[in-house]
Amino acid sequence: AIDYLPAVTIVSNGRALTPEFVARIRDYPGGIRFNVSMHSLDPAQHHRIVHRLDPGATRVRDDLTRIQANLRLLRAPGIPFKLNFVLLKGINTAPAEIARILDFALDVGAQRVKFLELLITKKLKALYPYFYRLQALRDQLGEQITPVGVEARREVFRYRDTPLEIELQGCTCSKGCNACARNRDVNFTAELRYFPCFLHPEEDTDLHDTPLATAVATGAGYIARMARHYGDHSPIIIRDHYLTTKETFYYYEIARADLPC
C-alpha cells in the first residue's frame with residue numbers, strides 16, 4: 001500500500017517449515033531470508049536447551065531431525081539462511097563440536113553460521129557457568145578464518161577456503177542502551193506481538209489491537225527512557241572491562257651533598 005517492500009528476516013527454530021509455506025514465500029520480491037536457531041546438533045542437548053527439559057520428564061522429542069530435514073526445503077529454491085548457535089560452555093564450544101557445526105552448515109548449504117554470546121542479566125546469573133566469549137571462539141578458530149567485514153554488531157569471517165561465512169555477533173544490548181535506537185531492528189513474533197527490548201519482554205504490544213507504526217513509536221519512547229537510565233550501560237552484567245594491576249612506584253631524591261661539583 002505504501003510502495004515499500006522491506007527485506008524480511010524470519011527467525012525460527014525451523015520446526016514448522018513446510019513445502020507449502022516455502023513455496024508461498026520464495027518469490028517475495030522484497031527479499032527474504034531465515035535465521036534458524038539450533039544451538040546443538042545433539043538431539044538430547046537440543047531438546048534440553050530449547051525446551052528446558054523438566055528434570056522429572058523422561059520423554060525427549062527429537063525436533064532436531066525434523067529441523068535438519070526442513071533446512072533442505074530452503075536450500076532447494078535458493079532461499080538464503082544462516083544457522084544460529086548461542087555459545088554454551090561445555091555444550092557446544094569444544095573444537096570438535098565447532099568443527100561438527102561448521103561441517104553440518106556446509107553440508108546443508110547454509111550461507112552463514114552465527115555464533116552469539118549468552119545474555120547474562122541479574123535474573124539469569126545462574127547461567128553464568130555456561131558463558132563463553134566470542135573472542136575465545138575467534139582465538140580458537142585461529143587461521144581457519146579470514147576477515148571479511150566488520151559491522152556495528154558483528155564481525156564476519158570466511159571459513160577456510162569454503163563459501164561458508166562465520167558471523168560473531170554481540171548482542172545490541174552489550175553496546176549499551178544509548179546505542180539501541182541505532183542498532184536494533186523492528187522485531188515482532190508470529191503471534192503478532194511487538195517487542196522493543198530484548199531484555200524486558202514484558203514491555204510488548206499486541207499488534208492485533210495496536211497499529212505497527214503506533215507500537216514502534218511507543219517502543220522508541222521506551223528505549224529512550226532506558227537510554228536515560230542506563231546510558232552507555234545496560235541490564236547485562238557481563239561487559240568488556242579494561243583492568244590494571246595495582247602497582248607501587250618509588251621515587252628517590254638525590255641530596256645536594258651527593259651531587260658532583
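Q: At roughly what angle do the axes of helix H3 and helix H4 cross, and within what distance do they come?

A: The model is a predicted one, in which local features need pLDDT of at least 70 and side-chain atom pairs count only at pLDDT 80 or more, whereas totals for chains, interfaces and linings use all residues. Residues are numbered from 1 along each chain as its sequence is written, and side-chain values use heavy atoms, with hydrogens and water left out. Helices (H or I, at least four residues) and strands (E, at least two) are DSSP runs, numbered from the N terminus. Axes are lines fitted to C-alpha atoms, for helices over the stretch in contact, and angles run from 0 to 180 degrees between N-to-C directions. Here the axes of H3 (residues 63-75) and H4 come within 10 Å and cross at roughly 45°. H3 and H4 are therefore oblique to each other (under 35 degrees counts as roughly parallel, over 145 as roughly antiparallel, 65 to 115 as roughly perpendicular, and the rest as oblique).

Q: Which residues make the contact between H3 and H4?

A: Contact means heavy atoms within 4.5 Å. H3 contributes Gln68, Leu71, Arg72 and Arg75, and H4 contributes Phe104, Asp107 and Val108. By class, three of these residues are nonpolar, one is polar and three are charged (nonpolar: Ala, Val, Leu, Ile, Met, Phe, Trp, Tyr, Cys and Pro; charged: Asp, Glu, Lys and Arg; polar: the others, Gly among them).

Q: Which residues does arginine 72 touch, not counting residues up to four places away in sequence?

A: With that exclusion, arginine 72 touches Asp107 and Val108. Arginine 72 lies in H3 and is partly exposed, with a relative accessible area of 41% (buried means under 20% relative accessible area, exposed over 50%, partly exposed in between, with a 1.4 Å probe and protein chains only). Its C-alpha atom is separated by 30 Å from that of phenylalanine 195, which is 123 residues away along the chain.

Q: Which residues of helix H5 are buried?

A: An α-helix has 3.6 residues a turn, so residues three or four places apart point the same way. In H5 (residues 134-141), the buried residues are Leu134, Leu137 and Leu141. Viewed down the axis of H5, they fall within an arc of 60°, so they line one face of the helix; the arc is that of the directions from the helix axis to the C-beta atoms. Their cover includes helix H4 (95-108), strand S4 (112-116), strand S5 (145-150) and strand S7 (165-169). Just after H5, glycine 142 takes a positive phi of about 55°.

Q: Where do residues other than glycine show a positive phi, as in histidine 39 and leucine 192?

A: Histidine 39, with phi near 75°, is found in the loop between strand S2 (32-37) and H2. At 13% relative accessibility, histidine 39 counts as buried. Leucine 192, with a positive phi of about 60°, is found in the loop between helix H6 (180-183) and S8. At 34% relative accessibility, leucine 192 counts as partly exposed.

Q: What is histidine 46 in contact with, leaving aside its neighbours within four places in sequence?

A: Histidine 46 lies in helix H2 (residues 43-51) and counts as buried, at 2% relative accessibility. Its contacts beyond those neighbours are Met38, Ser40, Asp63, Leu64 and Ile67.

Q: How many salt bridges does the count come to?

A: Side chains of opposite charge can pair when their charged atoms come close. A salt bridge is a side-chain nitrogen of Lys or Arg within 4 Å of a carboxyl oxygen of Asp or Glu, and by this rule the count comes to 11. Among the residues involved, Lys82, Arg112, Arg154, Arg158, Glu165 and Glu167 are linked in a network. Within H4, the side chains of glutamate 97 and arginine 100 meet at 3.8 Å, N to O; the two residues are three apart, about one turn of the helix. Glutamate 97 counts as partly exposed at 23% relative accessibility, as does arginine 100 at 37%.

Q: Which salt bridges does arginine 193 form with aspartate 204 and aspartate 206, and where do these residues lie?

A: The closest N and O atoms of arginine 193 and aspartate 204 are 2.4 Å apart. Aspartate 204 lies in the loop between strand S8 (193-194) and strand S9 (205-206), and arginine 193 in S8, so the pair ties together parts that are 11 residues apart in sequence. For arginine 193 and aspartate 206, the closest N and O atoms are 3.4 Å apart. This second pair links distant parts of the chain, with arginine 193 in S8 and aspartate 206 in S9, 13 residues apart. Arginine 193 is partly exposed at 31% relative accessible area, aspartate 204 is partly exposed at 23%, and aspartate 206 is partly exposed at 21%.
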